[in-house]
Amino acid sequence: MIAKVLEVDNHTVTTHFVLLGFPTQPAFQLLLFFVFLEIYLLTLVENFLIVFVIHSDGQLHKPMYFFLSNLSFLEMWYVTVISPKMQIDFLSHDKTISFNGCMTQLYFFVTFVCTEYILLAAMAFDRYVAICNPLQYPLIMTNHLCGTLAAGCWFCGLMTAMIKIVFIARLHYCGTPHINHYFCDISPLLNISCEDSSQAELVDFFLALMVIAVPLCVVVASYATILTTVLRIPSSQGRHKAFSTCASHLAVVILFYSTTLFTYAHPKRMYAYNSNKMVSVLYTVIVPLLNPVIYCLRNREVKAALRKTMLCKGSEPREDGAVIN
């Protein structure tokens, strides 16, 4: 496959890239198509159910579930940015993607990844207030603060992605630009640039440091304080109840942070290895599939609301429940 290029001002302007994807036999490509299609559809259904149930059941109109609905809404779009193109490539010999299409995919992917980092930190802060300051929880986690935190997460994700795209999109690519990945990501694009990409790398590193390190510090500080508080609870039943309120979120944080940090916390040249594609599958395909399952299996209120939904029974909001629109 030859990338289509134009000659402008002595520079080769790339109009298309080639996604190498998963180089396997055609029969196995067909199998991968059906496997990933099933995972994609199941992920959409799971996350849609979470969003629908939380917004339709008054008992779930609480800050914790407000953030959870934002996470599920985010992940529906997160997988949609990557999965459809990947599945088309499984069935097609033409694995090209236009330059504009590649930059668009990269922009939304970075937006959703950065937003999820910050959103998980906001959820950790919510759990910190609920466990460490339970009496002040309704006064601190107001509707206004929750809405501001959620909007701030999305705004930071959008702005971070925009800045990164400005520096990556203006790089030049020589010859036939083959991207050793199944979607357009930052490191594979930096690897195939035929000019000095140190400025783009520096900007990417600085923004990644801000978007990853700061939320990670918030998560670690929140859970360190939570652990200290829980260990002071005299009864084992009380400690178990406190831990159970944040166990699901902690599991999601560990899954998402560990897989993404493994992928991005190393020099860009290491992205030439195919092992990184397998790790990328974890956080782009598997984690969005598992997150709703983790929250449902560990949360009695969500499971009860789902049963009501499946049985087509209405649910009345509790009188003491704080409603978040």
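Q: Leaving aside neighbours within four places in sequence, which residues is P23 in contact with?
A: Q29 and K277, once neighbours within four places in sequence are left aside. Keep in mind that this is a predicted model.

Q: Where is P23 placed?
A: P23 sits in the loop between β3 (16-19) and α1.

Q: Buried or exposed, that P23?
A: Exposed. The relative accessible area of P23 is 68%, and the cut-off for exposed is over 50%.

Q: How far is P23 from F90 in space?
A: 9.5 Å, C-alpha to C-alpha. Along the sequence, P23 and F90 are 67 residues apart.

Q: Let's zoom out. How many helices and strands in the chain?
A: The protein chain has 10 helices and 5 strands.

Q: What share of the residues counts as buried?
A: 48% of the 325 residues in the protein chain.

Q: And the accessible surface, what does that come to?
A: About 16200 Å² for the protein chain. Carbon and sulfur atoms account for 69% of that surface.

Q: Take contacts between residues at least 6 apart in sequence. What percentage join residues at least 24 apart?
A: 78% of those contacts in the protein chain.

Q: On to helix packing. At what angle do α1 and α10 pack?
A: About 90°. Helix α1 covers residues 26-56, helix α10 covers residues 300-310, and their axes are 10 Å apart. The two helices are therefore roughly perpendicular to each other.

Q: Which residues meet there, α1 against α10?
A: From α1, L49, I50, F52 and V53. From α10, V302, A305, L306, T309 and M310. By class, the contact of α1 with α10 has 8 nonpolar residues, 1 polar and no charged.

Q: Now α2 and α3. Why do they count as roughly antiparallel?
A: Helix α2 (residues 63-91) and helix α3 (residues 99-132) pack at about 160°. Angles over 145 degrees count as roughly antiparallel, so α2 and α3 fall in that class. Their axes are 10 Å apart.

Q: Left-handed or right-handed, where α2 passes α3?
A: Left-handed. The contact of α2 with α3 holds 18 nonpolar, 3 polar and 5 charged residues.

Q: What about α3 with α5, what handedness there?
A: α3 and α5 make a right-handed crossing. Their axes come within 7 Å and cross at roughly 145°. The contact of α3 with α5 divides into 21 nonpolar residues, 4 polar and 1 charged.

Q: Which helix is G157 found in?
A: Helix α5, residues 143-169.

Q: Is G157 buried or exposed?
A: Buried. The relative accessible area of G157 is 0%.

Q: What is G157 in contact with, leaving aside neighbours within four places in sequence?
A: T111, C114 and T115. As for E116, the C-alpha atoms of G157 and E116 are 8.2 Å apart. In sequence, G157 and E116 are 41 residues apart.

Q: Last one. Where is A251?
A: A251 is in helix α8, residues 236-264. With a relative accessible area of 27%, A251 is partly exposed.

Q: What separates the C-alpha atoms of A251 and Y295?
A: 9.2 Å. Along the chain, A251 and Y295 are 44 residues apart.

Key: Residues numbered from 1 in each chain as written. Predicted model: local features only at pLDDT ≥ 70, side-chain atom pairs only at ≥ 80, totals over all residues. Heavy atoms only, no water. Axes fitted to C-alpha atoms, helices over the stretch in contact; angles between N-to-C directions. Helix = DSSP H or I, 4+ residues; strand = E, 2+ residues; numbered from the N terminus. Parallel < 35°, antiparallel > 145°, perpendicular 65-115°, else oblique. Left-handed = near helix turned anticlockwise from the far one by under 90°. Nonpolar A, V, L, I, M, F, W, Y, C, P; charged D, E, K, R; others polar. Buried < 20%, exposed > 50% of the residue type's maximum accessible area, 1.4 Å probe, protein only. Contact = heavy atoms within 4.5 Å. Areas by Shrake-Rupley, 256 points an atom, 1.4 Å probe, with all protein chains shown as cover.
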